[in-house]
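Subject: Structure for your review

Hello,

Please find the structure below. My notes on it come after.

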Protein chains: 2
Amino acid sequence: MVACGRPYHHGDLSRALVLAGRRILERDGPAALSLRAVAREAGVSPAAPYHHFKDKGELLAAVAREGWIALGEAIGKARFAATDPRHALNNIGVAYVCFARDHPALYRIMYDSASDQADMPDHATNGDSGWRHVREALIEAGADPADERDLELATIAAWCSAHGVAEMAGFKEFASLKNAMGGEEAFIRAVLSHLGTFTHRQRDDPAES
Amino acid sequence: MVACGRPYHHGDLSRALVLAGRRILERDGPAALSLRAVAREAGVSPAAPYHHFKDKGELLAAVAREGWIALGEAIGKARFAATDPRHALNNIGVAYVCFARDHPALYRIMYDSASDQADMPDHATNGDSGWRHVREALIEAGADPADERDLELATIAAWCSAHGVAEMAGFKEFASLKNAMGGEEAFIRAVLSHLGTFTHRQRDDPAES
DNA sequence: GCATCAATCTGAACGGCGTCAAGATATCTT
DNA sequence: AAGATATCTTGACGCCGTTCAGATTGATGC
């Protein structure tokens, strides 16, 4: 009745498919992430996934879910790595953009999947998530916890702007500027410093992250 | 045959394909925008487009280019509609997000096409473009035109954050908040007001609420 | 006017895709 | 042990992007 380990014919195929999808994503990019390719990578027939996911979109959503969890963890780590709450938001912004830079294919899938459902997945907004970290970091930085609406707007603004920077920071157009500034992270910090939510950067010390 | 003064066998097929693509985009969404569907819509064989575009990506880029021009015009219009330069940036931000809301499929194609080439198309950054409008609006709002680097960073920050808001403003998750605020535009304005670039702000200010 | 040439378009084909229905196979329940 | 059930394979369908040989057209030179 339990069968936690490898219950069925193949084993936990559902999990294996998600892992295979992630492998393809990192190896060959988002364009190569077809349902058939995932099945091939997992060593099963092209129709096998349909016993675990309604369609391709649901499989991609499962892959994306792992991305949201990983992003939440990266944000949490960045938040608590800062001793001063004023630097926490700054660190969060940089960590967000760096996550997107380091996992571009996964990041793309995450938002593709989100916009297909016209909503962010629960893992982005509930529980021990990145969203909550941002919200709490805003409070610790001085936002009024009583003004619920303003707090939510501030969280949305912070998240949206980080997303925008994350999607565009990789454009080649900015390469020379990045170079002139001595690295990509300096560029990211500078762009974020122009956005109200992340403005607590004075040139004091090298960054942790 | 009714020639209608058209140059070649079919006429200006290149233009006809772009128009057909845009029609499909607005009627059936970005997922329906296949090369074959465009050819079908234009009344030619599936192979015909290959005499005008190297591949599907190039056709989509041509469709996207029209989007960038339209976006630039919308931004310019919003900029000059404001009497006070301080409100110009605010208007631009709202106009940007509203453009994305009103042409979601086109907007999606624009950035998909851009990220495929890892660069924004020329029409976004050169000439009478939205990018230039933002840059000049920043100067009129008080940015130092002599500090070239800072000005470029500010423009990037403004554009990125507007893009982020545009991509996320449609999420159903925010529906109740929008409702409570009395409409989507009020919501957009409120989110943008949390971002430094779209409000009058000074570089070394502490966080505004 | 006419032959030639290059540009343009068609038709058929290839492999890959998402998806489904039918049948085979392994596991669970009793 | 046997039936029920979940899992996987095989094969097929239509659509996709792309290529290529050949038909058709407009322009060009004589």
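The notes cover the numbering, a helix pair, the chain contact and one further helix.

Residues are numbered from 1 along each chain as its sequence is written, and chains are lettered from A in the order in which they are written. This is a predicted model, in which local features need pLDDT of at least 70 and side-chain atom pairs count only at pLDDT 80 or more, while totals for chains, interfaces and linings use all residues.

In chain A, helices α1 (residues 13-28) and α2 (residues 35-42) have axes that come within 8 Å and cross at roughly 110 degrees. Helices here are DSSP runs of H or I with at least four residues, numbered from the N terminus; axes are lines fitted to C-alpha atoms over the stretch in contact, with angles from 0 to 180 degrees between N-to-C directions. That makes α1(A) roughly perpendicular to α2(A) (65 to 115 degrees).

Between the chains, 33 residues of chain B are in contact with 35 residues of chain A (C-beta atoms, placed from the backbone, within 7 Å). On the chain B side, α8 (148-168) and α10 (184-193) each give two or more residues, and α8(B) gives the most, with 13 residues.

Helix α1 (residues 13-28) of chain B has 16 residues. Its buried residues (20 or more other C-beta atoms within 10 Å of their own, C-beta atoms being placed from the backbone) include B:Leu13, B:Leu17 and B:Ile24. The buried residues of α1(B) pack against α2 (35-42), α3 (56-81) and α5 (104-116) of chain B. Just after α1(B), B:Gly29 has a positive phi of about 85 degrees.

Regards

Technical notes:
Angles under 35 degrees count as roughly parallel, over 145 as roughly antiparallel, 65 to 115 as roughly perpendicular and the rest as oblique. Two residues are in contact if their C-beta atoms, placed from the backbone, lie within 7 Å. The expected span of a helix is 1.5 Å times one less than its number of residues. A residue is buried if 20 or more other C-beta atoms lie within 10 Å of its own, exposed if 12 or fewer, and partly exposed in between; C-beta atoms are placed from the backbone.
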